[in-house]
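Morning, everyone. I have one structure to show, and I will keep it brief. Please look at the screen.

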Amino acid sequence: MILDRIKEPNDIKKIPSAEWKELAQEIREFIIENVSKTGGHLSSNLGAIELTMALHLAFHLPEDKIIWDVGHQSYTHKILTGRKDEFDKLRQYGGISGFPKRCESDCDVYDTGHSSNSISAGLGFVAARDLAHDNYNVISVIGDGAMTGGLAFEGLNNAAILKKNFIIVLNDNTMSISRNVGGLPMHLSNIRTADRYRDLKQNVINSLSKIPKYGDKMVSNIRKTKSSLKQLLIPGMIFENLGATYLGPFDGHDTMSMLKVFVEASKIQGPVVIHVLTQKGKGYIPAQLHPDRFHGTGAFDIESAMPLKEQTQPNYTNVFSSVISKMAQKDEKIVAITAAMEDGVGLKKFKKLYPDRFFDVGIAEGHAVSFGAGLAMQGYKPVIAIYSSFLQRAYDEIITDVALQKLPVIFAVDRAGIVGADGETHQGIFDLSYLCSIPGMVVMAPKNKWELADMLRAAFEFNRPVAIRYPKGTAWDGLQDNRAKIELGKSEVIKKGSGILLFALGSMVKSAYEVSNNLKEQGIDSTLVNARFAMPFDKEMLKELSKKHDLIVTFEENVRSGGFSQHIESFIKEENIDIDIMPIALEDDFIEHGDVNVLKEKLCIDEISITDRIISYIKGKSK
């Protein structure tokens, strides 16, 4: 295999151009084979193979710096920098990440995972290069979906002042995770179909070049002027208007052409945007036909394209999807908002049923929140469904546009807690901290699928900002008989006992239930309470039960700082309540990728570890 000859960075330069097409095919087959076993991001990686090969052929790593926006498309980059043999443990605990990580290779110069920041980061590298009088190349690779994020335009706006080279590769595959929306994708679509412009431009340049003595100078002037053919024939030309030289669009699956473009672009002074057209899922028909389904996939059978592990139980996202769609049927004021994740957050069904009340704002979480605030001001009932780790990008808007104005906006916070294989940038372990810090914000978390449905219905009755956080994965169907009415700030006593008070929030109620059973087997009695509300929590219940117990054990799937446990501890201290507290929370650190159950064991928040900790406490007190 040609691929076996690539052992370290820049080995691709030793591969003759006659073998590049075969190498691309080998990489494509390698990625499909490995992702089918481990799961991972398939569509985006299959679409960026030739583009990545051209980047590695044109530039020298790690001296030259490639910054990948999001990093979904970095598998080929990892393979070409000597990590092929580590793909059998892709996204598994102790294995390589699905995103660029500086700890893995000097060729990964920037840790990524969220979108739209590559231009700003690249601009920082350029400024550092120029301040140090160095001479390396900086290349930011950003998708057309990520370009819908406002941060990308902040970077472009500031790049306009550059006097030296900075290359921005716009990888345009017509969609991010969900199909792109808004003005920029429409603008790019116009450019893609502007054959008339490209043909005319080339004909004019060819004709002028033939004029003796003056032809080349005329071509040069046309290229430099702001009122060039490009401005006249393609309305907007947004990138050139922002001060960047625009080149393209080019076929992103033609390695040789891309190589030539990159080499020429490196000679241009100032920022240059290279517009590259690629196809998501290229080379694997199921991924080409269903790129969203194969954006982030679990293990699957290559021949049938079917998942190896069928999901038989609904997950929390399915429950949210079903309930919100039924509620919208009865209430025409309910509207739904997503930030380019309609399928991931469960709003695909809502969109199909109520297209006029569904809004996908692109990768623009801050805008989603302010947009929802405006709708709420006019009497509508916005539900904003966003992953926990993405919602933190809109913290300012949640405070100033929603909470400060006491607007009844509902946040469906999906993927809360440990999510697993996507790692540090995607773990939803900070939302309790940042949401509970906001005055007037109601923060709830359901113990099971029925409680999620009940909380959604109750949220509309509270008439104030509400966030409901729920985890990724199968929705728990335990404790279905415990379904007390949802009352603002009130908890639910599931099991009455004495000695140990287990006070659990959301997904951790299941863990607390198992711990309670474990303790019972050891002859230790306990009371189990479903907190329901992280804010405002049930202070009266805590005061009352503290009189009858020796220890409160709080359970949450969030970092300890600013989280549920810390608020409980502060309250107990302020009230001078004489009781010990054992917080079960995550350490204040980032969590790497891996299976959720494996990570919980490593972090000692699994049922066995918690039970052992409580028993050790009891033994210590009895001495």
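Let me begin with a question: is Q427 buried or exposed? Keep in mind that this is a predicted model. Q427 is buried, because its relative accessible area is 1%, and the cut-off for buried is under 20%.

Where does Q427 sit in the chain? You will find Q427 in the loop that runs between β9 (410-414) and α19 (431-436). Leaving aside residues up to four places away in sequence, Q427 touches S389, G417, I418, V419, G420, I591, E592 and L599. One of these, I591, also has its backbone oxygen 3.4 Å from a polar atom of the Q427 side chain.

Now a helix. Helix α4 covers residues 75-83, and eight of its nine residues are buried, so the rest of the structure largely encloses this helix. Those buried residues are Y75, T76, H77, K78, I79, L80, T81 and R83.

Last, the protein as a whole. There are 623 residues, and 57% of them are buried. The secondary structure consists of 25 helices and 17 strands. Take the contacts with a separation of 6 or more: 75% of them are between residues 24 or more positions apart. The accessible surface is about 26,800 Å², and carbon and sulfur atoms account for 50% of that.

That is what I have. Thank you.

Terms used:
Residues numbered from 1 in each chain as written. Predicted model: local features only at pLDDT ≥ 70, side-chain atom pairs only at ≥ 80, totals over all residues. Heavy atoms only, no water. Buried < 20%, exposed > 50% of the residue type's maximum accessible area, 1.4 Å probe, protein only. Helix = DSSP H or I, 4+ residues; strand = E, 2+ residues; numbered from the N terminus. Contact = heavy atoms within 4.5 Å. Areas by Shrake-Rupley, 256 points an atom, 1.4 Å probe, with all protein chains shown as cover. Polar contact = N/O pair within 3.5 Å; in protein donor to acceptor, adjacent residues only side chain to side chain.
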